[in-house]
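Here's a quick briefing for anyone meeting this protein for the first time. Have a look at the sequence and the model, then read on.

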Amino acid sequence: MDRDTIIAASKKHNIVPGRVYKYGTAGFRMSADLLDGVTFRVGLLAALRTRKLNGQAIGVMITASHNPAVDNGVKIVDPMGDMLEQEWEAYATNLVNAPSHEELVEYFIKLADTLKIDLASPGKVIAGRDTRPSGITLVTALADSLAATKTTYGDYKILTTPQLHYLTRCINTAGTPGAYGEISEVGYYNKLLEAFYRALRGRRVSGSLTVDCANGVGGPKLNELLKRHDPQRTGLQVKVVNDDVLRPEILNLDCGADFVKTRQRAPPNPKPTPGDRWCSLDGDADRLIYYWIDPEKGFFMLDGDRIATLAASFIADLSRSAGISNQLRIGVIQTAYANGASTKYIEQHLQLPVVCTPTGVKHLHHAACSFDIGVYFEANGHGTVLFSPTAIQTFKTKAPQSPAQKDALDILSALADLINQTVGDAISDMLLVEVILAHKVWTMKDWALRYQDLPNRLVRVEVGNKDLFQTTDAERKLSHPIGCQDEIDKEVKKYTNARSFARASGTENACRVYAEAATRSEADELANKVAVIVKQYGGI
Ligand code: G16
């Protein structure tokens, strides 16, 4: 690797000075015009990471997911399709903040030396991007840095985030007993559909499903899947809406999973008809929210908590029917945003353990790995179910004692293929929900009636300096600014069954405040009061 070649390439991709860049919850995410140099430098980190891991392929995804169309972002995917190892986030931050091209290369070489990376060894990186036009230029910055570091590079062009995670794992497991699937986008659709047919085991989906794709990459990709789907075999009738990717400015605009979750209402266009089953994906198709308009009570949302409880109850029932419930530990992972009623339902009704982690799927994913079957979902609809190698082996090798046991074991096996094992995947999760509703013969109302959510409110608060807000206890409490938590606690005490917390967003320049309470007006009032406190403590 030649120092001068890297410096020359870096000079074509300057960092915007006077800013501090941080590898956050979802990598680097900001206004797209600040990202050229950042993406080049992320390429340098990926070039090191692949060599540190003996040339295994590393993924780089260019997306700003639920954020506005003018933003973009870049994040790194590790070989098994999980998020970049935490220790390396700090290296990414240091590389990106190097003040000059020369210091950048100094740090790059020093890092290789400290981590005992042989820069002459081969490396491989693959990339994908969402439909944002800025992604095209950012991919060029990435390609330049991989060329300068003599790293093999594969550009998979437009993909959903979970598809890039899938491909990364497929490449690194090809030819091994853990081979994850065919290394292509078509391979992804075929794997999902084949598992969907198997998981249904002859049950039929009833009623149509309308999918709001946030005018993002999920639209064209869902259409690709549907081209290959045989509705005669499953009964699933899908209507795709908000799938216009030709007008980039309407991405996530008044539609998509983040809009539905935060506004607690359906997208204004097109208007759902009462009784219909709807769901929304987000801008890069890794989040999923279901909803319907109850003809009597109006809009009703089934968010990540509801998907988690649905999946956990179905899988726990299946493992009992399969006679393996005492062999496998099932757990549910949530964050502080989980509705208190869902946690209570999981612990008391489903009798399953719940673990609370900080926001960010990397934290939930990690905690889920400590169970044989780990169901993890953030309330915003981002999540999946992880099956350990022991669990998968058990489904395949347990000798069934009855046709009912065989049925349950086969469905569990199919679920392990249907559910994306690398990261939350809205398209895969949607097929999972459809399978469960078909097996349970449930309408949206049946699903909604399992428990009653505590009314809640999420508020975004712009502050002078969000970094002043430091949390503890899985983000349920603020340790800094000193005094802020005491004031929040004082307010919470004034309401029935109330809970509230504040934290700095890892993807936006703002703080988030969550509040829940016994009634809608109390939840709204508490959220607004805590927002005022956060604003006061947030600096100028
Ligand atoms: C990303 C992360 C999620 C997180 C969300 C919001 O989602 O992957 O784990 O919940 O951001 O994070 P924050 O509240 O820190 O801004 P996405 O879908 O935007 O990539």
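## Arg 503 and its surroundings

The side chains of Arg 503 and Glu 475 are joined by a polar contact of 3.1 Å (a pair of N or O atoms within 3.5 Å; within protein, one must be able to donate a hydrogen and the other to accept it, and residues adjacent in sequence count only if both atoms are side-chain atoms). Keep in mind that this is a predicted model, where local features need pLDDT of at least 70 and side-chain atom pairs count only at pLDDT 80 or more, while totals for chains, interfaces and linings use all residues. Residues are numbered from 1 along each chain as its sequence is written, and side-chain values use heavy atoms, with hydrogens and water left out.

**The annotated binding site**

- UniProt, in an unreviewed entry, puts a "binding site" at Glu 378, Ala 379, Asn 380, Arg 503, Ala 504, Ser 505, Gly 506, Thr 507 and Arg 512; such annotations may be inferred rather than shown by experiment, feature names are shortened, and the positions follow the numbering used here.
- Arg 503 sits in strand β18, residues 499–504. Helices (H or I, at least four residues) and strands (E, at least two) are DSSP runs, numbered from the N terminus.
- Why is Arg 503 called buried? Because its relative accessibility is 5%, and buried means under 20% relative accessible area, with exposed being over 50% and partly exposed in between (1.4 Å probe, protein chains only).
- Setting aside neighbours within four places in sequence, Arg 503 is in contact (heavy atoms within 4.5 Å) with Tyr 337, Thr 359, Thr 471, Glu 475, Cys 511 and Arg 512.
- Thr 507 is in the loop between β18 and β19 (511–516), and at 15% relative accessibility Thr 507 counts as buried too.
- Again leaving out neighbours within four places in sequence, the contacts of Thr 507 are Thr 25, Ala 26, Arg 29, His 66, Asn 67 and Arg 512.

**The sheet that holds β18**

- Three strands make an open sheet in the order β15-β19-β18, with antiparallel pairing; two strands pair if DSSP finds at least two bridges between them.
- β15 (456–461) and β18 are the edge strands, each pairing on one side only.
- On average, neighbouring strands of this sheet are turned by 15° against each other, direction ignored.
- β15 and β19 pair in the antiparallel sense over six bridges, and Arg 460 stands opposite Arg 512 in β19.
- Helix α19 (residues 520–537) lies across β15, β18 and β19, running at about 20° to β15. Axes are lines fitted to C-alpha atoms, for helices over the stretch in contact, and angles run from 0 to 180 degrees between N-to-C directions.

**Domains**

- The chain is assigned domain 1 (3–158), domain 2 (187–299), domain 3 (304–448) and domain 4 (456–537), with bounds from an automatic or database domain assignment.
- How far apart are the centres of domain 3 and domain 4? They're separated by 30 Å, taken over C-alpha atoms.
- Where those two meet, nine residues of domain 3 are in contact with 11 residues of domain 4.
- The unreviewed UniProt entry also places "domain: Alpha-D-phosphohexomutase C-terminal" at residues 458–531. Over that stretch, the chain is 28% helix and 31% strand, and the end C-alpha atoms are 10 Å apart.

- Strand β9 (residues 288–294) is mostly covered, with seven of its seven residues buried.
- Leu 288, Tyr 290, Trp 292 and Asp 294 point one way from β9, while Ile 289, Tyr 291 and Ile 293 point the other way. In a regular strand, side chains alternate between the two faces of the sheet.
- β9 pairs with strand β8 (residues 277–281) in the antiparallel sense over four bridges, and Leu 281 stands opposite Leu 288 in β9.
- The hairpin of β8 and β9 has six residues between the strands, and Ala 285 there takes a positive phi near 60°.
- Five bridges join β9 to strand β10 (residues 298–302), and the two run antiparallel. Their hairpin goes through three residues, and Tyr 291 stands opposite Met 301 in β10.

**Thr 50 in helix α2**

- Thr 50 is found in helix α2 and, at 0% relative accessibility, counts as buried.
- The side chain of Thr 50 reaches the backbone oxygen of Gln 56 at 2.7 Å, and one of its polar atoms lies 2.9 Å from the backbone nitrogen of Lys 124.
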